[in-house]
Amino acid sequence: MIIAVDGPAASGKGTLAAGLAAHYGLAHLDTGLLYRAVGLAVRGHLDAPDFEVRAIEAARALDAAHLTNLRELTGAEAGMLASRVAVIGEVRAAMRQYQRDFAHRPGGAVLDGRDIGTVVCPDADVKLFIAADSKARMERRARQLEARGEVVDRYALYHQIEERDARDMANPHGGFYQAADAVLLDTTQLGIEAALQAAVAIVDKVM
Ligand code: C5P
């Protein structure tokens, strides 16, 4: 069984994907981490003329199965850097096979990202597209960051999320849209438990 979970920044798709994986006993891959790792690898070269070449090299060299420094990977800077390298077609291509192999492992998997249902696994058994309004997403991300001791500027965070969404949606190589056969789940008004229950109900209905 392959479950694809796509959605914008801080929509809660990662938490939902992890919850679904635990519920059905499936492996879970947060594909955003791959782009974040490539972004961090070329941090400091954003304005260099060879930025793209470096990013492609970093994507090809990425040891996706052994990502460390999770704290840094999940921070705001890595998210912005990720969305800069994610617009490079060859960066996406370099990581596509790893994601597909992960999805097709025996026993099945849940993958979350932007293009899982459209590009990485168009054959997924169940596709969820997670939505939530930008303010709700900002507030959730702010609380996550505060819970780990970071000081949050909500105004700046809101604009960062909007900027990242805009870049992701305009990404010509991105595949970031709701697949025709994906089910839309709006979590604006839902807490984590309620969102997970709604997601499980959708998966159970499709299976
Ligand atoms: O999901 P997350 O916020 O961790 O993703 C970070 C960035 O990586 C996104 O803003 C997007 O630019 C990129 N990404 C992508 N395709 C994916 C996952 C993430 O382009 N499947």
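## Basis of the model

Numbering starts from 1 along each chain, following the sequence as written. Because the model is predicted, local features need pLDDT of at least 70 and side-chain atom pairs count only at pLDDT 80 or more, whereas totals for chains, interfaces and linings use all residues.

## The shell around the ligand

Around the ligand there are 15 residues, of which G32, Y35, S83, A86 and G113 come nearest; a residue is near a molecule if its C-beta atom, placed from the backbone, lies within 6 Å of it. At least two residues of this shell are supplied by each of α2 (32-41), α5 (76-85) and α9 (154-170), helices being DSSP runs of H or I with at least four residues, numbered from the N terminus.

By residue class, the shell comprises four nonpolar, six polar and five charged residues, where Asp, Glu, Lys and Arg count as charged, Ala, Val, Leu, Ile, Met, Phe, Trp, Tyr, Cys and Pro as nonpolar, and the others, Gly among them, as polar.

## The annotated binding site

An unreviewed UniProt entry lists G7, P8, A9, A10, S11, G12, K13, G14 and T15 under "binding site", and such annotations may be inferred rather than shown by experiment.

G7 lies in the loop between β1 (2-6) and α1 (13-24), strands being DSSP runs of E with at least two residues. G7 is buried because 28 other C-beta atoms lie within 10 Å, the cut-offs being 20 or more for buried, 12 or fewer for exposed, and partly exposed in between, with C-beta atoms placed from the backbone. Apart from neighbours within four places in sequence, G7 is in contact with K13, F129, I130 and A131, contact requiring C-beta atoms, placed from the backbone, within 7 Å.

A9 is also placed in the loop between β1 and α1, and it counts as buried, with 23 C-beta neighbours inside 10 Å. When residues up to four places away in sequence are not counted, A9 touches G79, R137, I161, R164 and D165.

Conventions. Two residues are in contact if their C-beta atoms, placed from the backbone, lie within 7 Å.
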